[in-house]
Amino acid sequence: MSEDCGSGDNMADRRQLFVEMRAQDLDSIRLSTYRTACKLRFVQKKCNLHLVDIWNVIEAFRENGLNTMDLNAELSVARLEVVLSTILYQLNKRMPTTHQINVEHSISLLLNFLLAAYDPEGHGKISVFVVKMTLATICGGKILDKLRYIFSQISDSAGIMVYSQFDQFLREILKLPMAVFEGPSFGYTEQAARACFAQQKKVSLNTFLDTLMSDPPPQCLVWLPLMHRLANVENVFHPVECSHCHTESMMGFRYRCQQCHNYQLCQDCFWRGHASGSHSNQHQMKEYTSWKSPAKKLSHALSKSLSCASSREPLHPLFPEIPEKPLNLAHIVPPRPVNITNDYSFSHSMPTSGNPYSTKNFLIPHPCVVTCVTLFYVSETLRCSRLNYNLDVADRLADEHVLIGLYVNLLQNNPKTCLLESSNHQDEEHSLIARYAARLAAEAAQAQQQRVPTDLPCSLDANKQQRQLIAELESKNREILQEIQRLRLQHEEASQPPPDKGQQNPTLLAELRLLRQRKDELEQRMSTLQESRRELMVQLEQLMMLLKSIIKCYIPFN
């Protein structure tokens with residue numbers, strides 16, 4: 001009964017999403033590219049994915065272990081819901097308290113949309129590759145970062161795109177337009193992958209970005225950059241009247257006819273094919289993403305005509321052809337993670353940012369265990385390299401920093417001799433600590449009998465001088481903090497007005513009140529003048545056009 005109830009709720013959420021989409025009247029948009037981009041943008045905002053960038057998605061993949069899984073492995077619906085919960089709950093933590101989202105509702109909508117697109121038969125399984133590609137495509141953020149991540153999943157270790165992986169990417173990602181009933185326009189075909197990269201045999205990251213971010217992009221993915229352009233112009237204001245619906249201003253895209261004089265349409269009228277007067281839908285229209293005053297247009301034209309070099313910026317920065325390899329730390333860090341189950345281990349969460357390489361959650365053992373393990377590995381390395389260093393002094397003073405410093409110097413001078421023996425790699429952590437503790441006890445007992453402390457007085461004197469220097473610096477620091485606190489108190493006392501100053505000067509309050517009224521009147525007058533200036537600029541532009549037409553008419557008579 002509970003499963004039937006859950007499936008009923010899922011179907012209700014799925015129907016609710018599509019009912020709200022139909023209420024937006026997006027099917028009346030006559031161009032399939034704009035229609036598909038608007039529908040996917042609606043789904044993105046409804047699920048609050050427009051507030052999540054690709055770095056947050058990558059971090060959620062790391063937390064849930066998707067980076068270590070094979071791309072063809074399958075996730076259950078419950079595991080997929082955990083991934084989506086990680087993304088949206090982390091989003092709610094970053095949002096201010098006044099802009100919190102309904103996380104459970106967003107998870108339900110997004111989960112049901114993904115199941116409708118990629119599991120219509122209800123098997124309850126979705127591959128890791130599908131989850132990565134889909135969430136990377138419909139999340140927010142810059143298209144450049146998203147395409148770089150997608151390329152990292154469909155390329156080999158040499159930084160060359162694998163055509164079979166790209167074909168699978170197209171096969172899966174084109175199910176998003178099909179999920180919003182745009183399959184006839186952007187369905188998958190067998191020739192889609194070769195149509196994107198027809199001439200190139202080897203496709204690198206720069207070639208991949210050039211192709212997908214070009215104008216126009218490949219036909220099957222033309223809706224993807226348009227969806228990002230829609231997000232960028234949603235709040236752009238155009239102080240221009242629409243020639244069809246006669247609204248005084250526009251938001252979003254603005255379209256200007258290249259044949260009709262001063263004929264401009266808002267995005268709703270243009271998308272739905274509205275026309276008036278002598279204008280026709282067959283006329284060529286130019287799309288604008290911002291509004292510039294006539295003065296700015298004139299200055300831009302002059303600077304463009306006077307500049308010798310092209311001012312067009314590249315679509316993206318150039319990236320190295322061969323990807324950088326990660327550092328090989330096998331000779332420094334044990335090959336297996338520390339497996340400690342005693343009471344001293346604890347889980348620690350590090351604060352993270354948008355950086356995909358930051359660490360989120362990991363297991364940190366007790367500091368004593370870390371010290372013992374570090375000393376064991378470093379001392380074993382020093383013993384293998386036969387360095388002339390008195391380990392007894394270091395053991396007695398517990399100076400692990402000296403050992404680590406010597407080990408770093410050893411790495412810089414002769415890294416080949418720093419590899420640990422294979423038998424040490426196979427030992428468990430507890431046995432390593434036990435062996436090291438036994439060796440310390442044996443060496444300490446032996447050192448008490450035959451040790452000549454020649455270097456100990458020097459080390460103790462150096463430590464004593466360091467402690468004195470630290471004590472002097474701490475005392476100076478305390479004096480500086482006290483001086484800062486005293487100056488802060490003086491500043492606060494000087495900046496606070498007397499408590500009854502307002503009661504002693506009623507005339508001053510009246511003057512302040514009059515000044516505020518005068519300020520409001522001047523601001524209102526200034527706004528009126530700005531509005532009048534804008535109207536005069538529009539009239540001036542019309543008069544200039546009329547004057548040009550009159551001059552053209554009188555030139556033949558002269």
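**Before starting**

The model is predicted, and local features are described only at pLDDT of at least 70, side-chain atom pairs only at pLDDT 80 or more, whereas totals for chains, interfaces and linings use all residues. Residue numbers start from 1 along each chain as its sequence is written, and side-chain values use heavy atoms, with hydrogens and water left out.

**The whole chain**

Select the entire chain and colour it by secondary structure. It holds 23 helices and nine strands; these are DSSP runs numbered from the N terminus, helices being H or I with at least four residues and strands E with at least two. Of its 558 residues, 34% count as buried. Here buried means under 20% relative accessible area, exposed over 50%, and partly exposed in between, with a 1.4 Å probe and protein chains only. The chain exposes about 35,700 Å², 55% of which is supplied by carbon and sulfur atoms; accessible areas come from the Shrake-Rupley method with a 1.4 Å probe, and for residues only the protein chains shown count as cover. Among contacts with a separation of 6 or more, 65% are between residues 24 or more positions apart, a contact being heavy atoms within 4.5 Å.

**Helices 3 and 7**

Next, select residues 54-63 and 143-154. These are helix 3 and helix 7, which pack at an angle of about 35° with their axes 9 Å apart. The axes are lines fitted to C-alpha atoms, for helices over the stretch in contact, and angles run from 0 to 180 degrees between N-to-C directions. Show the side chains of Ile54, Trp55, Ile58 and Phe61 in helix 3, which meet Asp145, Lys146 and Tyr149 in helix 7. The residues of this contact divide into five nonpolar, no polar and two charged. In this grouping Ala, Val, Leu, Ile, Met, Phe, Trp, Tyr, Cys and Pro count as nonpolar, Asp, Glu, Lys and Arg as charged, and the others, Gly among them, as polar.

Then select Thr86, in helix 4 (residues 77-94). Thr86 is buried, with a relative accessible area of 15%. Leaving aside neighbours within four places in sequence, Thr86 is in contact with Ala60, Glu63 and Asn64.

**Helix 12**

Move to residues 205-212. Six of the eight residues of helix 12 are buried, so this helix is largely enclosed by the rest of the structure. The buried residues are Leu205, Asn206, Phe208, Leu209, Thr211 and Leu212. Their cover includes helix 7, helix 8 (163-173), helix 11 (192-196) and helix 13 (223-233).

**Salt bridges**

Side chains of opposite charge can pair when their charged atoms come close. A salt bridge is counted when a side-chain nitrogen of Lys or Arg is within 4 Å of a carboxyl oxygen of Asp or Glu, and by this rule there are 15.

- Select Asp25 and Arg272, whose side chains meet in a salt bridge (4.0 Å, N to O). This pair links distant parts of the chain, 247 residues apart: Asp25 is in the loop between helix 1 (2-23) and helix 2 (32-46), and Arg272 in the loop between helix 14 (267-271) and strand 7 (285-288).
- Select Lys45 and Glu234, where the closest N and O atoms of the salt bridge are 3.5 Å apart. Lys45 lies in helix 2 and Glu234 in the loop between helix 13 and strand 3 (237-238), so the pair ties together parts 189 residues apart in sequence.
- Select Arg171 and Asp167, which form a salt bridge at 3.4 Å, N to O. Both lie in helix 8, four residues apart, about one turn of the helix. Arg171 is partly exposed, at 34%, whereas Asp167 is buried, at 16%.

**Backbone details**

Most residues other than glycine have a negative phi, and most peptide bonds are trans. Select Asp215 and Pro216: the peptide bond from Asp215 to Pro216 is cis, with omega near 5°. Pro216 lies in the loop between helix 12 and helix 13. Now select Phe181, which has a positive phi of about 65° although it is not a glycine. Phe181 is in the loop between helix 9 (175-179) and helix 10 (183-186).

**A last stop at the surface**

Finally, select Leu508, Leu509, Leu512 and Leu515, which make a nonpolar surface patch of about 340 Å². Patches consist of residues with over 30% relative accessible area and no salt bridge; like charges are joined within 9 Å, and nonpolar side chains (Val, Leu, Ile, Met, Phe, Trp, Tyr) within 5 Å. Leu515 lies in helix 23 (residues 506-554) and counts as exposed at 56% relative accessibility.
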